[in-house]
Each structure stands twice: as C-alpha cells, then as structure tokens.
Amino acid sequence: MAGIYVHIPFCKAKCRYCDFASFPDKITFAESYMACVYREMALRKEDLKDYVFDTLYIGGGTPSVVDESYIAMLVAAAKKNFNLVKDAEITIEINPGTVSAGKIDLYRKCGINRYSVGLQSAIDRQLRELGRIHTLNDFIACAKLLKGQNFNADVMIGLKDQTVADVLQTIEVAAANSASHISMYALTPEDGTPIYTDYLNGELPDGDEVAAMYAAGVKRLQKLGFERYEVSNFAKKGMESRHNLNYWRRGEYIGFGVSASSCINNIRFTNTFDLDEYFKCILSGHLPIIDREEVDEEGQKEEFIMLALRTSAGISLKTYSSLFKSDFLAEFAPAIKKMSEYVEFSDEFFRIKPQYLFVQNSIIIEFLSV
Ligand code: SF4
C-alpha cells in the first residue's frame, strides 16, 4: 500500500536550524494555500485511482499553526479523492506552542489518530537557543491534551552546550508524558541557516560527543521500553510509524503542497519550493512539478539497500531476491567480506550490527556501487 504526504509550509517563527520550506511571514496565505492543496489532490485523482493508501501524513512547516477546520477539510479531501483505507494511519505534526483542547478535539473527530510533537529539548535555554517558540511547560500541557493517544516526540541531539544528562532528561520527559514513539536525531547544521555560524565557530558538539549522546540515549530509550526500528526512531511495541516504514521499504508515496516529493511507479518527482509559483500552477490547472526522474533498476536497487540498511530489521533477502532476481549475499560477497566486522546476516536478513547503526553511512557506501 502507498502513503500520502501533505506539506503545510507555515510557521510562527523560523527556527535557527531550519532549512525546510517554511514561511513564517506568510500565514495570511493559509486559506488560499489549503484551497490549492485540495485542488492539487483533485488534479491527481484520476492518475491514482488504482492506488490504495494506508497512511496520510500532514507535515511541515507547522500544520498546527493553521486553523483546524482547514485540516479537517484536508483529511476529508484526501478521503474523497483517494482510496484511503478505513484504518489508515493519519498523522499530523504539531508544535507544542500552537495547540488547544478544541484543536486536538477536532483533529480526533476528523480521523487523525497519530501526532508528532516537536519537543526537541526539555531544557528551556536550549529551546530558546534553537529559536523554538515553545517551552517545556507547553510540551507538558500539549502531552496532557494528547493523553491516551498515539504520539511521537522529537528529540534533538548535538545542540550547543548540550550534555548527555540533558539528552537523558529530555527522553525521560517525553516518556513520562506518555509518548509512544520517540525520534532522536542529530542536528544537521545546514549551510545558510543561522546555526551554521555556530558550527563554523566550533560551538556545537563534535562527532564523538554526539555519538556519546546517541549511545546513551539508545540505552535509556531501551530501558524505558522503546525499541529502535530505524537509526533515529524508537517505538513502544506495535507503535512504529507505518508512514515512515513505507519510505524505508521503498514503498510508493504521493506528496502534495510546496516542496513535497513523490515516488510513484519508479518515478521520483518534486513540487516547486516557491509559494507564488505553486499558486500560479495550481490556479492554472497544472501540477507544480519542478523535477522528475525515472529510477532505473540499478537506482532502485541502490535506494532499496540504502533505505533498508537504516532499519534494525535490515534487508529481507527474500524481498531482495523477488524484486531484483538476484541473491544479495552472492552479489555483494566482496563488500560483505570487507565490512564483516560491522554486519550480520542469516538465511532471511542482512543488516548492520546494532552497535554500528549510528555510523551506517560509512558502511552503506560499500554496498552502493560494486
Ligand atoms: S517549526 Fe519546523 S518547519 Fe517551522 S521553522 Fe521550526 S524547524 Fe522549520
């Protein structure tokens, strides 16, 4: 089954590390933007009539910054235009500084059954440093509103002046406030963002320090009952994100909105990052695609390997053989021999040993062009 992604590119303020398509000064366009997204869905309806979707992910930006009635209409538009299964996983990203009881209530009523909350840190000083608009207390209040519901909390590592103890405290706060899923990921200082200057000034923790934060975080998460299923993702039993698992299994997905990307029938395409351009295309009845690439069989293989090796389960040898008519262990025998210290396999799977998952990139590269 396939997934649907919708990008809502509005935020209250720009975080210092953000290089996503998000426009803090354009929230007044939210109503017109949402109308264009509903229209983009209608434009795609015929092409996708044979697809069955089992996830809808509303990300951003900050989807919770727009009026909740637009979100309810968005879910209705997805259901109206596409075959979205009855028990679909429907996720919305929320910023703890932008929620209310009424908002969460309407989300639940319109069918949203999973939330992804941008906690990032439980230390207010670090939240301010990142330019986040919320405080720890906002997160705790938000978690109270979500009590009994399935939600992820994002935790960032590699922040300025962050210690291992700070990371553990953040994880403890997320767990104590009933998160069922935690994404723990390292800050990437992107060129052009204000935090890149901190990086150039040597103010961010170095690679070894970040690795120590990650290792301690993994240990604490496991102690609290969160199993790692992907390098940055940890879930209580049965609470893995179906939407993200589809990405890592190289499943198909369609994206709507500014900057959204898609992969359908081995064609990858991306929408424009420019909000005006997006409006112009949709209003003239055209799809806002700026980039389109057909992935050949070699490319499909590389993507499949790269994505699967990020997961704890690794590559299913049976799936590999049925997709690519090849025996993975035989095909990659020289790379496997070279990387033998870091990988493990059986008749069913091939994966990176758990203790090396954090440095998977340097291992995966050996399996990309033989
Ligand atoms: S809330 Fe997310 S999308 Fe918005 S500015 Fe911050 S990091 Fe970027």
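A: Ser178 lies in the loop between α6 (164-176) and β6 (181-186), where helices (H or I, at least four residues) and strands (E, at least two) are DSSP runs numbered from the N terminus. The model is a predicted one, in which local features need pLDDT of at least 70 and side-chain atom pairs count only at pLDDT 80 or more, while totals for chains, interfaces and linings use all residues. Residues are numbered from 1 along each chain as its sequence is written.

Although Ser178 is not a glycine, its phi is positive, at about 75°. Most residues other than glycine have a negative phi, and most peptide bonds are trans. Ser178 is partly exposed because it has 16 C-beta neighbours inside 10 Å; with C-beta atoms placed from the backbone, 20 or more others within 10 Å make a residue buried, 12 or fewer make it exposed, and counts in between make it partly exposed. Arg250, in the loop between α9 (242-248) and β9 (253-256), also is not a glycine and has a positive phi, of about 60°, but Arg250 is buried, with 20 other C-beta atoms within 10 Å. A further exception is the cis peptide bond from Gly60 to Gly61, with omega near 20°, and Gly61 sits in the loop between β2 (52-60) and α2 (68-81).

Residues of α1 including Met34, Val37 and Met41 meet residues of α2 including Met73, Leu74 and Ala77, contact meaning C-beta atoms within 7 Å. By class, this contact has 11 nonpolar, 1 polar and no charged residues; Ala, Val, Leu, Ile, Met, Phe, Trp, Tyr, Cys and Pro count as nonpolar, Asp, Glu, Lys and Arg as charged, and the others, Gly among them, as polar.

Within α1, Tyr33, Met34, Cys36, Val37, Glu40 and Met41 are buried. Seen down the axis of α1, the buried residues fall within an arc of 155°, so they line one face of the helix, the arc being that of the directions from the axis to the C-beta atoms. Their cover includes β1 (2-8), α2, β9 and α10 (275-283).

Terms used:
Two residues are in contact if their C-beta atoms, placed from the backbone, lie within 7 Å.
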